[in-house]
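Please read the following report alongside the sequence and the structure shown here.

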Amino acid sequence: MSGERNTRSGKAWRWPLSPETVRAVLSGHGALGIAFAGVIYLVCLTGALTVFTPDLQHWEVPRAPVVTTLSDAAAGRALTQAAQAAPPGATLSLTYPTPAKAGAVLMAYRGNRADQTWAVASDGTLVPLDARWSDFLLHLHVNLHLPRAWGGFLVGLTGVALLSSLVSGVLAHPRVVRDAFHLRLGGSRRLAQADWHNRLGVWALPFHATLALTGALLGLSTLIVAALALLLYRGDRQQVYRLFIDPPPPADARAMPMPDLATLLTRAHAAMPGASPQSVVIERPGRADMRVSVHGIRPRNLVPQDDVQFDATGRIAAQEHPQDLSTGIKVLGGIGQVHFGWFGGAPVRVVYGLLGLALCVVTSSGITIWLARRRDRGRAAPGWERIWAVIAWGQPLALALTAALALTRPDAPLAKAWLGLTLGLVAVAGVVPLPGLSLGRMLRQAMGAVLVTLGCAHAMLGPITTVDAVLVIGGAAALLWGRPLRKI
Amino acid sequence: MVLIGAAVLAMLAIGPIKGLALAATMQSAGALAVIWQGRVQRQPARMPRAEAVVGDAAPEPLEQRARLWRGVLRVLLAGPLGMVAALALALCLAVYLPGDPRTRIVLSGLAMPVLWGLAMTWTLADRRLLRALAVLVGTSLLGLGIAALGGAA
């Protein structure tokens, strides 16, 4: 409210928006939240879990080796084996272990989908890394298991809606400075939720805004490229992509033996002093038009900026170093790293995960405030209260159940199972005459029970991992939440 | 000042972009931890009175009578029309900003969601829908035209 005075440095200043404008912005904030809350919540929840993809992959496949270093000889051996095992036309991509992420992973892929994934042992042996649930989770986050263009657009639109909600949320909060340091628990449901909504929203604003922006860009990139191409390149999208990606060598399908990859890697490292190997990509392996690209990262950089390319004969065809790259290329490379928090090791992943869950709480509390306000005014919406309960607690439950399914039935279609569970839960909300709070409590306890069972069962079947411990602790917390603690 | 200082230190210590990303993340978490430490319990007995104090209550959303055509127009403004207007301005940035074309395209790509988000915020709050319609359509036509005149990035 403009009437809202904040005193700072002895001077009173007013909120720049009039009370009526603040109310109008708040109204838009609410409308946007109601329209997008479900999908924002789903994208944030899956995003918070996707941050732990490296950990989840090794939880799913505990026998997969997790190396902390990989020699050139071992990397060369792994790539040569993969070239023989991969389907024709597949591109090979080896990611080295780094201080931020242990484990070497080799993928064979065609288009956007990985055909095969292996973990690489310290001697170069390949062990299949068939982490289906991690893949399911990643694709649910990136494109909601819809066709790439449509799913990406929808997720990008969600990012824009989140950005807009952040802006309108701050503009509609004239007491943002005065309230910033107060977290008041208890009181009415609406007041308690409002405090959580505002504190988590405001103090983690840089994080939320960064994730929303980078997520929106990643999701809308197809649209932006299409628009650029349509307007400036007569619809030829390849012309836009060629600005960022080196064009492939002229096609030559003659068979060609693989060069001595270990030697190439050693030469590549010599060509990029100060950088450590980050990844190797082999396009068209075993053909005369093969290209081997070795990427290196320097300690103070966020992303690899050294690139040495070899042709099929082992000759250096091109190389790039940080000083050769435009700012745009560097920024583009960093967007994915910043979005997923894969740049700083386990502590950064944990904080990303927690702040991602905080964004889920912000979203959920926004809807709870709206529902509580309606109830306070005598316009309760019990149907919507139940539906929100099955989204807020039903989605974690559905994801936990799909994880259990992936571990027990390796061939189960996870995306269809998730969709079935989601629709089933929404149907339950429609027919079960329970208050939303009670339904939410039941779902939370069901989720807690599934998490505890999952963690214990997994720990009993294989080596105990950190993920098992997190599942058991998290599940127990969900089961015990809200119960009064008895003094011993 | 403390937050800015910590960010600068992180940028100097581990690299400018990496340090900034790390500082933004850790500072959010640290600030929330501090807020959690200072939490208080509301007094239930005083609560209704506190809520009723004039000037202390949080603002309430503006209640407007729902009309279908206004709802549909608002969705169009915040959605497709806002998107096209944002895209038009972003394309102008891609074409007319100085510097390397790849940098211009990436910056315009980053600007597009921001501009669309701002358009969304504005159109959902503005009660003069026809004015918003005129501004967005005008921006789209002018932006796309000016960008097309500029040629390839």
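This is a predicted model: local features need pLDDT of at least 70, side-chain atom pairs count only at pLDDT 80 or more; totals for chains, interfaces and linings use all residues.

Residues are numbered from 1 along each chain as its sequence is written, and chains are lettered from A and ligands numbered from 1 in the order in which they are written.

Helices are DSSP runs of H or I with at least four residues, and strands are runs of E with at least two, numbered from the N terminus. Helix 1 of chain A (residues 19-50) has a kink of about 60° centred on Phe36(A), the bend being the angle between axes fitted to the seven residues ending at a residue and the seven starting there. Its end C-alpha atoms span only 41 Å, whereas a straight helix of 32 residues would span 46 Å at 1.5 Å a residue, the expected span being 1.5 Å times one less than the number of residues.

Helix 8 (residues 205-232) and helix 11 (residues 327-340) of chain A pack with their axes 9 Å apart, at an angle of about 130°.

Chain B contributes 56 residues to its contact with chain A, and chain A contributes 68, contact meaning C-beta atoms, placed from the backbone, within 7 Å. Helix 5 of chain B gives the most to the chain B side, with 17 residues.

| Class (chain B side) | Number |
|---|---|
| Nonpolar (Ala, Val, Leu, Ile, Met, Phe, Trp, Tyr, Cys, Pro) | 38 residues |
| Polar (the others, Gly among them) | eleven residues |

Notes. Axes are lines fitted to C-alpha atoms, for helices over the stretch in contact, and angles run from 0 to 180 degrees between N-to-C directions. Two residues are in contact if their C-beta atoms, placed from the backbone, lie within 7 Å.
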